[in-house]
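Subject: Model handover, with notes on ring contacts

Hello,

Here is the structure for your files. My notes on the overall fold and the aromatic contacts follow below.

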Amino acid sequence: MAISRRGVLVGAAVGGGLLVAWGLRPRTFPTPLTPADGEYAFDAWLKIARDGVVTVAVPQLEMGQGVSTILPQIIAQELGADWRQVAVEPAPASGAYANIPLAAQWSALWMPTMPELAGEPDAILAERYAQISRFSATANGTSLAAYELPCREAAASARGMLTEEAAERWGAPLEECEARGGFVVHDDKQLSFAELVEAAAQREAPDPAPLKSEFASERPIAGAAQGATAFPRLDLPSKVDGTHLFAGDVRLPDMVYAAIKHGPLEQAELTGFDEGAVAGDDRIVGIIKGKRWLAVAAADWWSADQAVEAMKPRFSVANVVESDRTDEAFDDAVPSGKAFRIATRGEGSEALKERDIARRYHVAPALHATLETASATARYADGKLELWIASQAPEKAREAAAKAIGLSVEDVILYPMPAGGSFDRRLEHDHAIEVALIAREISKERPRPVQLIWSRWQEHLASPPRAPASGLLWAELIPGANGRINAMQVRVAVPPTTHEFGERLFANKTAWAARRDAAGKADPLAVEGAMPHYGIPHVAVDHVPTEIGHGTARMRGNAHSYTAFFIESFIDETAAMFGREPLSYRIEMLGNDTRMVSCLQRAARLAEWDGGRDQSGQGLACHLMGSSESGGRIACIATARRDEGGLRVTKLSAAVDIGRIVNLDIARQQIEGGLIFGLSLARGSSTRYSGGLPTNQRLSQLDLPVLSDCPEIEVDFIASEQDPFDPGELGAAVCAPAIANALFSATGLRFRRLPLFSEGL
C-alpha cells in the first residue's frame, strides 16, 4: 500500500504525540449480508438467487431522493442484470459501507482539535474513522461519491465470476463472453444468472474487478421532454398504491402506542402533572416521565395523546426563547459582532476603500415540516432493544438509544425504515432516545413493542429549526465600469449551527449543552455559498457566531438556502442601480466559468427572458455548490407577481449542470422538488417564538404551497462528463432569490427578508 503524506500523522493530534491512524494496512470486512435459502452473497453489496433475482443492499436512507434506485441501477448496469429482476434491501451496520467522503467533510465535528488531518476524501484518518464507527450517514449528497465505485467493483466482480463459469462450461474464451439482460451470452449460446449462480459463487473473485471501460450514463438532450426511463424507480409502485411502509407504518403483535408532550424549547424540566386526570382509564398502559417530557402509552395513539394532554404537564424553564430578543441579537451582531474570517480572495477586505453599495438581508428560522412526524417503534426484552426507525445516521441513533437505557451497542438491533420526508431532520435522534426509554419502562410488567409518534405540534415545538441568519454585504465598484464590482465583503451573522449539530450527533449532547459548547466558534459550513462565484477580484467572507437563545439544525439547502439569497439579491440590486440588464451583467462578471454561462443562457431561452424590465415579473438567480471544478451549477428564472392571494409564481425555468447523470428522471425530480422546497422557504415555512413556544403550531399556519400554488416547472440539463454532483439542494438554494428578484421586476419593491410575507406582501 502506497503511503501518502496523510498516511502517517505525526504531531499534536487527538491525544497529542505520535498518532498512526488506526493502522496503515487496508481494512477488510466479512460479508455483512445474510443470504436466504437459494441466495448467494457477492461482496457486501449484492446477492443473486437461484431464480435470478438480484438483491442490492443500500446503506443510505431513502427519504424521497431516489437512492434506493440509484445504487441498484449502478450495480445492474455493471453486472449486466435485467432491471425487472432487481430488488433492494436495507444494508446492515458494517464498516464495509463507510461514507468516507462525508466523514472527511465533517472532520471538524468528530475530530475538532485537528480537523485538517482528516478533511480530505483520501485521508486515511477519515477512512479509518468511518470504517471503525460504521459511519454510513446520508447527507450532503455524498451517496455517489461514497458508493458508486464500491458498487461497480462488487458488480464487476460478480459478473466476472458468472462469465468465468459460463466460459468454462462452453469451453469458450472468457473475453468473448458477455453479461447482459440477466444472461451470459456467447455467439448463439446463453445461460441465465439463475443457472450459473450456484457454481459461480464458489469461484474466487477476480482481482482486480473487471470494470467496464465505458459505464453507461443517461445523457440529457436539450429541449427534450421528460419521457420513459430504462430504470424506473423501484419504490414508485408501492408509494403509488399505498403499500410502501414508512417508520410510522410498523405494526407488531401486542403493540401499544405512545404520545408525548415536551417542555418549551430548551432547558425545560418536567416539574409535575395531574396523574389523577386519567385514573381508571383502562386504555392506558403506562405513564413515562422523562427529564424534559411526559409520555403516555395506550392501546391506541389517540387515547395516548388525549391522556397526556389531560394530565397538563408542567415545566420549569431556565431559558425562555423570545424572537424579539433574537432580533436584537442580530441587530447587534451583524454590524459589530466578533467575526471570524472564513475565506479570502485577492486582497480581501484590504482592497475595500469605499462602500459604494451596502445592503442587509435576513432570513427567519424555518421548520422542516416533514409529512411524517418523528416516528419510531421499539421492543425491549431480555436485555436487548429492537428499534424500527428512519435515520440518516443509523449507527449514531443506535448508540444513543443504547446509552439512554444502559445497553451495549451490540444489544441494540436497528431495522432501517424509509422516511416520509426528512430535509435533514432525520439526522437527529431525539425520538430514538425517547422510544428506547419508553419501551424499557412499559416492559417492566411484560415485554411488548411500543410505537412513539410525535404530533404535529410536538414536531414544531421540539425540533430545532433551520438557523435564522442576517447578511450584511457591501462592495466597492470599479470607477467608470458601469457597475462592475472590484471588492466585496460579506458578513453573515448566524449561530454556529454545524458545531451544534455535531455535538448532538457525535457527542450525544442535549440541545442546550450542544449550543453551549458550540457558542462563539467559527463555522465555515454555516457560511457555505457566501463566497461569490463571480470573478470579483477581491472578496472577504466573515462569520459572526450569534447567540439567539435556542438550538438550530441542518435543513435541505443548509447555508446555501440563505447565502444564495444574500448574494443573488445583492448582485441584482447592484445591476439595477446602474440600469444593467441582470443576465448580461452576471455573464460579464462570471470570468472563466463557462459552465455557469451555459446555464444562464439555457435558462434564458427556456423562460424567453425579456430582461426583467417593464414589470414583466421575471427574476433571475444562479448559484454554484461545491468547488468550481466539480461543483453543481443552476440558473433559474422565476415568473412571479403579487395578486389578491399574496404571492403567485407562475413559472420556474431552470438550467442545470450536475456533471455525469446516472438517472435522468431522478435528477429531474430532485431539481423540481428542490425548487418547490425553495418556494416554500420563500413564502413560508418559518415561525417566531414566544415564551419558548413556536407561534406557528400547525402545517396550515406555515403557508406552504399547495398543489394549486405550484408553478409550471421546466428543467434542462447540460450534458457533461464531469464527476456527478448531487442535485438535491440546488433548486432549494436558488428559488427564493429568483422569486425575490422577479417581485422587484413586477412591483419595483425590494424584498430583503425571507419569507417574503415578513415584509407584508
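A term first: a residue is buried under 20% relative accessible area, exposed over 50% and partly exposed in between, with a 1.4 Å probe and protein chains only.

Two notes on sources. This is a predicted model, in which local features need pLDDT of at least 70 and side-chain atom pairs count only at pLDDT 80 or more, while totals for chains, interfaces and linings use all residues. Residues are numbered from 1 along each chain as its sequence is written, and side-chain values use heavy atoms, with hydrogens and water left out.

Overall fold

The protein chain has 19 helices and 30 strands. These are DSSP runs numbered from the N terminus: helices are H or I with at least four residues, strands are E with at least two. Of the 761 residues, 60% are buried. The C-alpha trace spans about 80 × 75 × 60 Å along its principal axes. Contact means heavy atoms within 4.5 Å. Among contacts with a separation of 6 or more, 76% come from residues 24 or more positions apart.

Aromatic pairs

The rule: rings of Phe, Tyr and Trp (its six-membered ring) pair if their centres lie within 6.5 Å; planes under 30 degrees apart are stacked, over 60 edge-to-face, and the rest tilted. The count is 16 aromatic pairs.

Trp45 and Tyr97 form one of them: their ring centres are 5.0 Å apart and their planes stand at 90 degrees, so this pair is edge-to-face.

Trp106 lies in the loop between H2 and helix H3 (107-110) and Phe506 in helix H13 (residues 497-507), so the pair ties together parts 400 residues apart in sequence. Trp106 is buried at 0% relative accessible area. Phe506 counts as buried too, at 17%. Ring pairs link both into a cluster with Trp110, Tyr129, Phe135 and Phe501.

Charges over rings

Here the cut-offs are NZ of Lys or CZ of Arg within 6 Å of the ring centre and within 35 degrees of the ring normal. The charged end of Arg355 sits over the Trp474 ring, 3.8 Å from its centre. Arg554 lies over the face of Phe501, 5.7 Å from the ring centre.

Best wishes
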